[in-house]
Structure formats: C-alpha cells, structure tokens
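I set out to record what I looked up in this structure, entry by entry. The notes below follow the order in which I worked.

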Amino acid sequence: MLRPIVCWLVLLVLIPPAPAQEDVAQEDAAKEPDKPATPMEQFQALVDEHRGAMQKFFEEYRKVEDNDARQKLFRELYPKPDEYGAKMLQLADDYADDLAAVKALVWVVSNDRSPNSAKALEKLTTDHIDKPDLKDVCRALMYNGSAPAQELLRAALDNSPHEDVQAWACYSLAKGMMRVQREPRKKGDPPSEAEKLLERVVNDFGEIEAYRGKTLSDVAGGDLFELRNLSIGCEAPDIEGEDIDGVKFKLTDYRGKVVVIDFWGHW
Amino acid sequence: MYPHERSLVERLAGEPFALLGVNSDRDREKLKEVLEEEKITWRSWWDGGSTSGPIATKWNVSGWPTIYVLDANGVIRYKGVRGSAMDKAVDTLLEELGEVDEEQAG
C-alpha cells in the first residue's frame, strides 16, 4: 500500500529471467541444419528470443539511473509485445492444427495488449475451445470486459469438455458481471445472472482448487455473500470487534451517522 | 501518508460522520506507534493481524484498500470510491441527512 498501485516497471520485473545455460542448449538444438524446426520448436525459439531480449533490456536498464535515459532505453530496447504477438499469430495461422498454435495464441493473450490480443481470443474461441490450455486463459480473463474475452468465456463454459476450463470460465464470467454491477439491490430482487453463475460454480465446480488452499466453493461462496449482503442497497451486516487499544465496538454503534469503512494496512 | 483521510475527518468534525478502519497490520503494538506518528485519529478494528482476518474474510475483501460508504441507516450506498469521489459520496449522504451547511462543504 506504500507503493503506487500501478507501476509498469513492477509488471516488467515480474517476468523471471531464464537461466543462461538452458538458453544456449536450446539455441543449439534449434540450429540443427538438416531438420526444419517443428512448430513447437519454432514457438519455443520465439519465446526464447523474446525472453533473451527482455533479459538484455533489464541488464542495460540496471546500468542506467537517469530517468530520461531510462525512458529512451525503454523506447529503443524493450522488446515490443505487438511485434512478437504478430509473429505468434502468424505461427498460429501457419500451423493451425498443431498444438503450437494454441500455445502461440495463449502467448499473445498473456503478453500482447495490442489488437493482436482480440484476434488471438477469437481464434481460440473458433478453433481451440476444446483445449485444456484454455483453463489458464479463462482464469486470466476475469477482469477483461472486452467482447472477444466474454465470448470466449461463454463458449468455454458451454462447449469445453474439460471441467476445470468450464469452472474458470463460469467463475470469470460471474466476477466480470459483479464488477460492473452498479444498480442497487433490493430485498426480493430475483437472482442476477452473476448470482446464478456463482451458484453454479459452487454446485457444479466447487471442489476445484482456486487460490492459496481454497476451493472454488470457498471463493465463490465469499462472492455470493458479497453479492447478497454487500451490494449497494443492502443494509450492511454488523461488525463486532476490538479497536487497536483492545476496546470492543460495533458498526451499529454508529447508526445515525454517515460512515466510511476503510479496509487498510500500513504495509 | 493518509492526508486525504485526515483532511476529511477534520473537515467533517462535528458532523454526523465517522471514518472507521479495518486494519490488517500484523503487530498491534507497532500499529499504535504508527497511529501516533501518522496522526491517525479515526478508529479502526484490528482484524487479528492479517489480510485474512475475520472481518476482511466476511466482507470478501481481496484488494486493499477497499472502501464502503454507508448512509445513516446503515445501508451501503457506495462501494470502491476513493479520493474526491469518496468526498462527494459522503457529502451527498450528509446533505440527504440534512445537516451539512452547503457553504462549508466547499
């Protein structure tokens, strides 16, 4: 909470550098003169090239302290996601029936924020909805409100033969709807679509592991409670606890006042 | 830190308003020092020393900070508002309550 919430550099730093030894070995393997590289090898070569370029950028970046010089370095040396994305899309087109095509499209969705991403989502929807790889994609699309993302999620929920793909598609669809729900909720309102989807997650996919030792039943259950009791228009549940000095107090002690509840930490 | 919260609390002193925190810091004793240093005058529940405490868990909080604004009847009226949007929400609800001097609200 002490740092700015969005810092592009933090996003960059999250990409782990590959160990140098493995890169050299893979380069040698891909250079076999007689055999043309398989689609998977081509995909891997492109991933390695991108990773290598990232590493080089970071090495140079660490040597430079001046902010203007850093921005210049970024413009000149940072591997452009849309350029790699375009190559990945081409690979997916060239080898549409190969598993490498799925990997390439998933790479685009994960790494390229340009319009290439929408194209990749469309191709995954029309050509690869049956692949297990879609599980991570569905999970990652949770807050992607774009039409191609939402269409992929719906198609995955309706058509994937894999339970975990369906589970994450269902949950991601629900979370996306919760996020945009701004209309007040009244007692006696029929369940919203988000609520129905969350109930389906709990009933049909509850056992599937979600985050940090919790199942989808746990997390979707928390979201259902929030939808039903913590939406705009709901009377807030009471809070009972001790303040920092150990004195007990309740939220309802403050009826008659406008209250801001601020979940915070000094970390 | 926390200048926005401090100024809100100062501005609305004497109004039917309360800023209540749910705190997730691990060390309660260290937290008392933080309150003094940062001049945090508003009250907080100490939620057991983590972001997975009982209050944050019940309220399904996954992002920090998370803000709820309640009217004088305890009804949730705004969620996720920060900065000037939060000020506007509070002022709107105080107006509703009929006790804010419009000139002072600035």
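**Entry 1**

I located B:V9 in helix α1 of chain B, which covers residues 3–11. I note at the outset that the model is predicted.

**Entry 1: helix α3 of chain A**

I turned to helix α3 of chain A, residues 39–63. The 25 residues of α3(A) reach 37 Å from the first C-alpha to the last, close to the 36 Å expected at 1.5 Å a residue. Which residues of α3(A) are buried? I list A:P39, A:F43, A:L46, A:V47, A:D48, A:H50, A:M54, A:F57, A:F58 and A:Y61. For reading such a list I recall that an α-helix has 3.6 residues a turn, so residues three or four places apart point the same way.

A:Q44 also lies in helix α3 of chain A. I find A:Q44 at 28% relative accessibility, so A:Q44 counts as partly exposed.

**Entry 2: the interface of chain B and chain A**

I next examined the contact between the chains, which takes 53 residues from chain B and 45 residues from chain A. The area buried between them is about 4700 Å², and carbon and sulfur atoms give 61% of this area. On the chain B side, B:R43, B:W45 and B:W59 supply 15% of the area that chain B buries against chain A, more than any other three residues.

How many salt bridges does the rule find across the interface? I record three. I looked up the salt bridge in which the side chains of B:R28 and A:E242 meet, at 3.1 Å from N to O. For polar contacts, I count 33 residue pairs between chain B and chain A, both residues being at pLDDT 80 or more.

Several elements of chain B each supply at least two residues of the side that touches chain A, among them α2 (28–37), β2 (43–46) and α4 (83–97). β1(B) gives the most, with seven residues. I divide the residues of this side of chain B into 33 nonpolar, nine polar and 11 charged.

Notes. Residues numbered from 1 in each chain as written. Chains lettered and ligands numbered in written order. Predicted model: local features only at pLDDT ≥ 70, side-chain atom pairs only at ≥ 80, totals over all residues. Heavy atoms only, no water. Helix = DSSP H or I, 4+ residues; strand = E, 2+ residues; numbered from the N terminus. Expected span 1.5 Å × (residues − 1). Buried < 20%, exposed > 50% of the residue type's maximum accessible area, 1.4 Å probe, protein only. Contact = heavy atoms within 4.5 Å. Buried area = accessible area lost by both parts, 1.4 Å probe. Salt bridge = Lys/Arg side-chain N within 4 Å of Asp/Glu carboxyl O. Polar contact = N/O pair within 3.5 Å; in protein donor to acceptor, adjacent residues only side chain to side chain. Nonpolar A, V, L, I, M, F, W, Y, C, P; charged D, E, K, R; others polar.
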